Amino acid sequence: MNIPPELTFEVLVRLPLKSLARFRSVRKEWKLVIDSEFFRDCFMSHNSSSVSWSIIQTRPHKLTLEIVGHHGCKTWGLTRSPGSLVGFFADTTIKRLRVLACTDGLVLIYTETSYGTPMHYVGNPLFQEWCPIPLPSYFYLQSVERIRNHQRFNDSALVIKMQSGAVVSYKVVWLFPRNSTTIDFLIYSSDTGMWEARIATCLHSSFWFSHHKPIALNGILHWLCNFSTSFVAYDFYGGHDDYACHIISFPDCEKDDDQLRRFRRTLSTSDGSIVYFNEFGENGNRRLRVWRLVKYTGGPEAWQLFWEVSLASVIELGIDYFPVVMHPLKSEIIYLWSRNKKGMVLFNLRTNVFSLHKESEDETKCMDGCTLSFNRCSEYMETIHNYGGPNYLLASQYVLPRWLHRLPRPQPS
């Protein structure tokens with residue numbers, strides 16, 4: 001029986017990606033429908049706010065990789081949490097594995113074999129595709145030793161180039177400060193399968209790297225630096241000159257007063273933007289403010305204040321908290337960790353409704369309809385709080401892609 005194309009389209013666009021990935025290989029006609037740009041756009045518009053994602057810890061620690069997981073979301077329809085997909089299988093025994101960066105469904109990991117050999121891989125855990133990243137041929141022996149001794153991790157990053165909702169290219173970036181104003185970048189490109197060296201001049205470059213991981217968005221890396229009033233951004237797909245480097249002041253830098261600002265600077269990504277949030281106290285009132293970065297030039301006008309709310313309802317219940325991340329797709333949901341309640345507070349900035357999810361409880365539904373699960377999150381949060389204080393967070397958001405795309409690989413020469 002021939003099924004009308006219109007009916008086929010209406011059925012397929014309502015299925016999760018897990019089913020679409022299977023149906024692409026069943027019939028040629030279905031594959032043509034699913035691979036069309038019109039179908040992809042319709043599917044993504046139907047699934048604009050539901051996607052499985054995890055908070056991955058990125059410190060060398062005895063704990064599991066995933067500390068907070070969201071699964072059972074509509075887009076993929078997976079029953080497993082995303083962090084459980086970050087398994088790795090190699091020809092040799094792996095004695096150490098560490099996630100260095102997560103960007104647009106891809107991850108950069110460091111592994112160490114039983115012989116002590118350091119290796120880096122970029123992978124798409126969803127499809128279990130992994131590409132080894134060779135060390136540069138001109139790498140010095142001491143540089144390899146520094147990698148083996150865990151001294152080059154905070155300077156490792158991954159940036160992605162997207163096209164029509166799919167990953168078409170990635171770059172692995174290593175950062176080597178040369179002096180107070182100059183940075184050496186080593187950049188591996190999936191387009192060429194080769195490393196290139198790039199020199200960038202930027203004010204106060206020696207303060208770029210510390211214990212903070214850079215945040216990647218739209219091919220740009222964003223570093224929190226040791227200066228509390230600004231951060232650094234560099235566009236790795238925007239050219240090879242110093243104009244690709246930007247220093248962005250925080251929107252409240254003119255009021256950099258600990259009596260006003262409660263926490264350290266916190267950057268996150270949400271709904272395709274860099275966001276900054278903090279709690280401020282003025283005239284006895286404390287309010288949470290959230291800004292969105294709208295451009296990379298200019299002063300305070302580079303930011304747009306799009307939320308300012310009171311968290312009095314949370315504080316009245318005796319919940320002491322510090323901000324963690326924003327929801328990756330829904331910019332009205334912020335995640336706060338409560339030390340005294342040992343749980344995650346999900347606060348809806350639009351409705352002022354919040355929910356407390358304790359690690360000791362069973363898996364529960366959260367505000368985006370996903371199932372929320374924890375894995376020794378309380379222990380990890382306590383560790384990093386004691387290590388560097390509130391907002392000294394060493395974690396990354398691993399967000400499953402919203403469309404079917406495979407791991408880009410270098411073209412054969």
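These questions and answers cover charged and aromatic side-chain contacts in a predicted model.

Trainee: How many salt bridges does the count come to?
Mentor: Side chains of opposite charge can pair when their charged atoms come close. The cut-off here is a nitrogen-to-oxygen distance within 4 Å. By this rule the count comes to 11.

Trainee: Which residues are linked with Arg24 in a network of salt bridges?
Mentor: A salt bridge needs Lys or Arg on one side and Asp or Glu on the other. The network holds Arg24 and two further names: Lys31 and Asp35.

Trainee: What geometry does the ring pair of Phe9 and Phe39 have?
Mentor: A pair of aromatic rings is described by the distance of the centres and the angle of the planes. For Phe9 and Phe39 the centres are 5.3 Å apart. Planes over 60 degrees apart count as edge-to-face. These planes stand at 85 degrees, so the pair is edge-to-face.

Trainee: Where does Phe236, the ring partner of Phe185, lie?
Mentor: The two ring centres are 4.9 Å apart, with the planes at 75 degrees. Phe185 is buried at 1% relative accessibility, and Phe236 is buried at 1% too. Phe185 lies in strand S9 (residues 182–189), whereas Phe236 lies in the loop between strand S13 (230–235) and strand S14 (245–249).

Trainee: Which residues do ring pairs link into a cluster?
Mentor: A search of the whole structure finds 18 aromatic pairs. Ring pairs join one set into a cluster: Phe231, Phe250, Tyr276, Phe280, Trp291 and Trp303.

Trainee: At what distance from the ring centre of Phe306 does the charged end of Arg292 sit?
Mentor: A charge over a ring must be within 6 Å of the ring centre. Lys171 lies over the face of Tyr237 at 4.4 Å. For Arg292 over Phe306, the distance is 4.3 Å.

Notes: Residues numbered from 1 in each chain as written. Predicted model: local features only at pLDDT ≥ 70, side-chain atom pairs only at ≥ 80, totals over all residues. Heavy atoms only, no water. Salt bridge = Lys/Arg side-chain N within 4 Å of Asp/Glu carboxyl O. Phe/Tyr/Trp six-rings, centres within 6.5 Å; stacked < 30°, edge-to-face > 60°. Helix = DSSP H or I, 4+ residues; strand = E, 2+ residues; numbered from the N terminus. Buried < 20%, exposed > 50% of the residue type's maximum accessible area, 1.4 Å probe, protein only. Lys NZ or Arg CZ within 6 Å of the ring centre and 35° of its normal.
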